[in-house]
Amino acid sequence: MEYNHKEIEARQQQYWRDNDIYKAVEKPGKKKYYVLDMFPYPSGAGLHVGHPLGYIASDIYSRYKRLQGYNVLHPMGYDAYGLPAEQYAIQTGQHPEITTRQNIDRYRSQLDKIGFSYDWSRQIRTCDPDYYKWTQWAFIEMFNHYYDTEAKCARPISELVADFEASGTNGINAAATDDTLSFTAAEWREMDERRRCDVLMNYRIAYLGNTMVNWCPELGTVLANDEVSEGLSVRGGYPVEQKLMYQWCLRVSAYAPRLLDGLEQLDWSNSLKETQRNWIGRSEGAEMIFPIADSDVKLKIFTTRADTVFGVTFMVLAPESEYIDAVVTPEQRPEVDRYLDQVKHKTERERMIDKKVSGVFTGSYAINPLSGKKIPVWISDYVLAGYGTGAIMAVPAHDSRDYAFARHFSLPVIPLIEGADVSEQSFDAKEGVMINSQGPELNLNGLQVKEAIARTKKFIEEKGIGKVKVNYRLRDAIFSRQRYWGEPFPVYYKDGVPQMMDIADLPLQLPSVDSYLPTEKGEPPLGRAKNWVTPEGYPIELNTMPGFAGSSAYYLRYMDPHNADCLVSPEANGYWRNVDLYVGGTEHATGHLIYSRFWNKFLFDIGVVCEEEPFRKLVNQGMIQGRSNFVYRIKNTNTFVSLNQKDKYDVTPIHVDVNIVSNDVLDTEAFRRWRPDYATAEFITEPDGRYLCGYAVEKMSKSMFNVVNPDDIVEQYGADTLRLYEMFLGPLQQSKPWDTNGIDGVNRFIKKLWSLFYKDGKWRVTDDAPSAESLKSLHKLIKKVTQDIEGFSFNTSVAAFMICVNELTAQKCTSIEILKPLIILLAPFAPHVAEQLWHDMKQPGSVCDAQWPEFNEQYLVESTQRYAVSFNGKPRYNIEVPAGTDPKEVERIALADAAAARWIDGKTIRKVIVVPGKIVNVVVA
């Protein structure tokens, strides 16, 4: 029997399907292991060879854990909502669901060819109503809960209402949009329904609020920061502006302390944890009041350095600040408006990166609460609305951005630390002796920085001009999108007041529309739907949920995907609990991974799930980059010069399709057929007649013609070769270039493995006892592969397989005692050939359910030791002695060897040094 990857892989994939080999069932009493990939958005382009990298790694680990006796859950599904499908619908009129389903079918076909161990019976698609019913349900639950900051958990909003009935806001500890809201029980009872709705909206976890967003008029929707670049939408390149909108939000910020503390119990990389810590952004400081001169307006600011207030020489407001209208003078209004229009196209992320100084004076002055001095109030885009209060006190002597602003606009710079030189740049003021820090009631001069901070905090609280506070950078999530293709909100409006639909009426499904564009009135596309009202005639919410809505709890639905009564049953959740291994890209560190953790913590609070954290261990795979090829066209001709000849001519490098290049050699006829303008191409080749292409490592993309379709690799070499080669390219967590040139070696390895079992088409495995050398080769491999899989070092595992097969081939090994465990070890990496050979060895069931081989140290213990014998430090010959031989006996054997006579003759032995297990050095004179 010859190795034929097409026949073998088709046969074994059918065997797996026919026997439900990968179907997972809860088995109480059996240890579980839940492995999950970050599910893909099914784009129209399909998969390229870079996409399966993480999937192959997680599949290897899933199969390995199953071989160790675990009950493994390894599901897959699709993050099906996305702007590309909606844009395609706008352009063609085709419903995005049709496009999405076509793309999903293509993805499924490609994934099946690679032989993943997914339990497809648990497949989910976020656009399926039976799935997003539970996204809508979770939103309703969030609307009906508030966050108790004292109990540190979500509580029913009905409990808050009861507290208001009894005591008003007295004693309330709740996360709120406006934490200064205050009223008595009597005042609460006098409020009408609209006012009560507004008050409760201040506390709900899912709430309506005013937020600054990235608004794209051309697309008619809000965009996330990563969907905007340099003031333009990534999709389409349309202008984007900052806009204040009243829309649905999730109070993620309430969970900031728990999101931060929870990182300590997670097995994630330190770099990823640090990214989340920085994003959550905990800081301790003081909230202070700076009154505006000749006005009732008071600016509230947050600072981590209360000791530096004496160095404040100006205030700065964010362009979105609600204070602006209250402080801008009529004389400055035109200039302020021009500036605000100028900066509205920048996203917050771009503003954080941009070092260009810009700003405008409001015309007003604030009063420094410690010094009593007047200081000007400015507006600048380097201040962000979401951090603190959107207003800052500027201390240019000790902050680099404040310093740059002050120098640009000729504002005073007052150093506060003894010896600080601020003539050229700001001075780091984390330690030192305070100067220039005396006011009418507070004197900090002569104190160390830490002492000054503590004294200032105490002073401002005693005087009622501020309070000590812990602040977080993490902001609430904007949850509304002005799109069609997304989950509908289960919300209707009764006299303008939002009401939640009954759970029994879910899912609320997307209606049909005649166009996917906003309405003529500027309403979202759902405004085009006919009868988009409740049976009672109340209008239904026109926005849809964002992309992250469906991905925030999908890992829970995999546990119980067909349950019509709840998101996940207590029994299923109690068995699978949470994800043991999560594999995906680092780009989700501050989006999906924050939202999923928040979502899970909320569900934990209300008793739906039994674990507070969703993902115990997380591994980020690197990127497989493209290896582009180039041809070189002589300018103003249709003649192309080979790589080593190009320096003789004036040429232009042009990307060429890597699929018509093999080992950097261009198929010139295929090139002429590739594009009409190359049909008459002429070539100046190497002396041997070949046309050599240049190459470069770049991002894999269509525009660079370096996309390699995994289907083509599977067709030519087989899925097992693709799987092994992707792992062999380099460490999983590092980026590395795809290079088809090296794939032949991996394919030859599989054929060499096959030849251990078949020779000239005949079966050659025997029941012969294994040799000591073969046992040694096997157990070296068991030890290495086990360690490598646990450490996700799959590339070195593939190298170890190659070494072992080479050794077994040289040993002419045919023993089933060696070859059977070899196949079990290989099964996670190359499951098709392993399954085939498992059956050929007449083994029961599937190789997937075999037992992982145990390493036995005794087979690696050497029976003999080799010593290099040196004379005066120069190696002359080797000897072999039984392992553990006494050094004196080693010395005797070395000197008794026939080769010794040549180096001893006529000389006197002065000294013999024996290094156990390594060398014998004879000193002669």
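A: **Salt bridges and their surroundings**

The side chains of R351 and E320 come together in a salt bridge, with 2.3 Å from N to O. R351 belongs to helix α13 (residues 348-353) and E320 to the loop between β12 (314-317) and α11 (324-327), so this pair ties together parts that are 31 residues apart in sequence. Both R351 and E320 are buried.

The model is a predicted one, in which local features need pLDDT of at least 70 and side-chain atom pairs count only at pLDDT 80 or more, while totals for chains, interfaces and linings use all residues. Residues are numbered from 1 along each chain as its sequence is written, and side-chain values use heavy atoms, with hydrogens and water left out.

A salt bridge is a side-chain nitrogen of Lys or Arg within 4 Å of a carboxyl oxygen of Asp or Glu. Buried means under 20% relative accessible area, exposed means over 50%, and partly exposed lies in between (1.4 Å probe, protein chains only). Helices (H or I, at least four residues) and strands (E, at least two) are DSSP runs numbered from the N terminus.

By the salt-bridge rule, the count comes to 47. One of these bridges joins E159 to R155, whose side chains meet at 2.8 Å, N to O. E159 counts as partly exposed because its relative accessibility is 30%. R155 is likewise partly exposed, since its relative accessible area is 30%.

A further salt bridge brings the side chains of E441 and K463 together, at 2.8 Å from N to O. This pair links distant parts of the chain, for E441 sits in the loop between α14 and α15 (449-463) and K463 in helix α15, 22 residues apart. E441 has a relative accessibility of 56% and therefore counts as exposed. K463, at 44%, counts as partly exposed. Salt bridges can also share partners, and in this way R258, R597, K601, D605, E612 and E613 are joined into one network.

D495 counts as exposed because its relative accessibility is 64%.

The strands give a second view of the chain. Two strands pair if DSSP finds at least two bridges between them. Strands β10 (residues 282-291) and β11 (residues 298-303) run antiparallel and are joined by six bridges. Within this pair, I289 stands opposite K300 of β11. The two strands form a hairpin with six residues between them, and D294 in the turn has a positive phi of about 60°. S283 is also placed in β10. With 12% relative accessibility, S283 counts as buried. S283 and R473 are 190 residues apart in sequence, yet their C-alpha atoms are 8.2 Å apart in space.

Another hairpin is formed by β32 and β33, with two residues between them, and N872 in its turn has a positive phi of about 55°. Strand β32 (residues 864-871) pairs with strand β33 (residues 874-882) in the antiparallel sense over eight bridges, and R866 stands opposite E880 in β33. On the other hand, β32 and strand β35 (residues 919-924) run parallel, joined by four bridges. The bridge partner of F871 in β35 is V922. In a regular strand, the side chains alternate between the two faces of the sheet.

V395 lies in the loop between β15 (391-394) and α14 (400-408). V395 is buried, because its relative accessible area is 7%. The C-alpha atoms of V395 and D514 are separated by 56 Å, and these residues are 119 apart along the chain. I803 lies in helix α25 (residues 794-810) and counts as partly exposed, at 49% relative accessibility. The C-alpha atoms of I803 and S777, 26 residues apart along the chain, are separated by 8.7 Å.
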